[in-house]
Amino acid sequence: MSKRLRTVWNNIRDVVSIWGAGTVLFVVGLIVALQFVGPPPPDRIVMVTGAEGGAYRLYGERFAASLAEVGIEVEFRTTAGAVENLALLENDDTVDVGFVQGGLAESNPTEGVVALGSLYYEPLWVFVDASAGIGSLGDLADKRLAVGSVGSGTRAVVMQLLSLSGIGSEAAQFLDTEPGDLVAGFESGDIDVAFLVGAPDSEYVSQLVHARSVRLLSLERADAYVRYSPYFSKITLPQGVLDLGNDLPPADTTTLAVTAMLAAKEDLHPALNDLLLIWAQEVFGQHSLLADAGQFPTERYADLPLSSEARRFYKYGPPLLMRYLPFWAATLVDRLW
């Protein structure tokens, strides 16, 4: 073999040796890393929503459809509402994520639960018997008030509002009628006023808006109530915004709103935090009846501490890997890193 060929051969052997050693070191390093890498995201989570037909369940099913695309199954737990949801997130180890009404955690201190953000406005709907002559909350004395079931976010908000208005349990009759029975209660004459807190596309809100014997009450002192609570927002429902064809409501209507929060266990897998936030931005970040595009999701109005993933999301946007890689690949690379 000539000197030149020997030199070429030696160079090739050196390159192969270097790359071979590097490959071996990489494989060994990968094997070692896999011994310490965090666990993958779970393939099943439990979500607490409200009653069947409510907005929480509606949006929960949309979250489930999104998670199903990446192989994650969602089990729903039907509850009385936001108060029970918050308690289950804190105390039930089997529950992972759920919907909570903004402002509840302030009066119900909670540990081990974090917020992923506020998703949308939940108006307070005050429906009154159209023939009862009720013009304001000050006219509710001696009336039969459906204030929401025990454990619901509606009841928590309404009791605060009535307290501010000087309407106690001795001044009116409080009923815990289920949302699905409200229309029948008005028609039978058993209810004078019904309160609901929920999105405009809630089945129960739609039923009452279209009920002939029921009228939506405008809150003339909304500005005053907002000064009492940082979790109340004043909103105006323009005439016809709920049903243009039937001109509902028949006039501009002022009311209060809280926000719906997405909350989770503090130890929920980080990749699920990111995935839920990305989906929430796609759905709730659009223009809607009550908000402008880009207004939600937001870190505002949250009375639970934000998760670290949520803080990063609102500062920098979605994780870089999840913008360009499939979910399983992005989580694998992130865990290895």
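Asp247 sits in the loop between strands E9 and E10 (helices, H or I of at least four residues, and strands, E of at least two, are DSSP runs numbered from the N terminus). The model is a predicted one, where local features need pLDDT of at least 70, side-chain atom pairs count only at pLDDT 80 or more, and totals for chains, interfaces and linings use all residues. Residues are numbered from 1 along each chain as its sequence is written, and side-chain values use heavy atoms, with hydrogens and water left out.

Asp247 isn't a glycine, yet its phi is positive, at about 55 degrees. Asp247 is also partly exposed, with a relative accessible area of 33% (buried is under 20%, exposed is over 50%, and partly exposed is in between, with a 1.4 Å probe and protein chains only). Pro249 belongs to the loop between E9 (233-237) and E10 too, and the peptide bond from Leu248 to Pro249 is cis, with omega near -5 degrees.

The loop between helix H9 (270-284) and helix H10 (308-316) holds Pro297, and here the Phe296 to Pro297 peptide bond is cis, with omega near -10 degrees. Tyr301 is in the loop between H9 and H10 as well. Tyr301, not a glycine either, has a positive phi of about 75 degrees, and is buried at a relative accessible area of 16%.

Next comes strand E3. Spanning residues 97-101, E3 is mostly covered, with five of its five residues buried. Val97, Phe99 and Gln101 point one way, while Gly98 and Val100 point the other. In a regular strand, side chains alternate between the two faces of the sheet. E3 pairs in the parallel sense with E1 (residues 44-48) over two bridges (pairing takes at least two DSSP bridges between two strands), and Met47 stands opposite Val97. E3 also pairs with E10 (residues 253-265), in the antiparallel sense and over five bridges; Val100 has Met261 as its bridge partner there.

Finally, the largest pocket holds about 390 Å³ of space. (A pocket is an open set of points on a 1 Å grid over the protein atoms alone, where a 1.4 Å probe fits, with protein on both sides within 12 Å along at least five of seven lines; lining residues have an atom within 4 Å of a point. Points are joined across faces, edges and corners, and the volume is the space filled by probe spheres set on them.) Of its 30 lining residues, Ala80, Thr154, Pro179, Leu196 and Val197 are the closest to the centre. Helices H2 (55-68), H5 (153-164) and H7 (203-209) and strand E7 (193-197) each give two or more residues to the lining.
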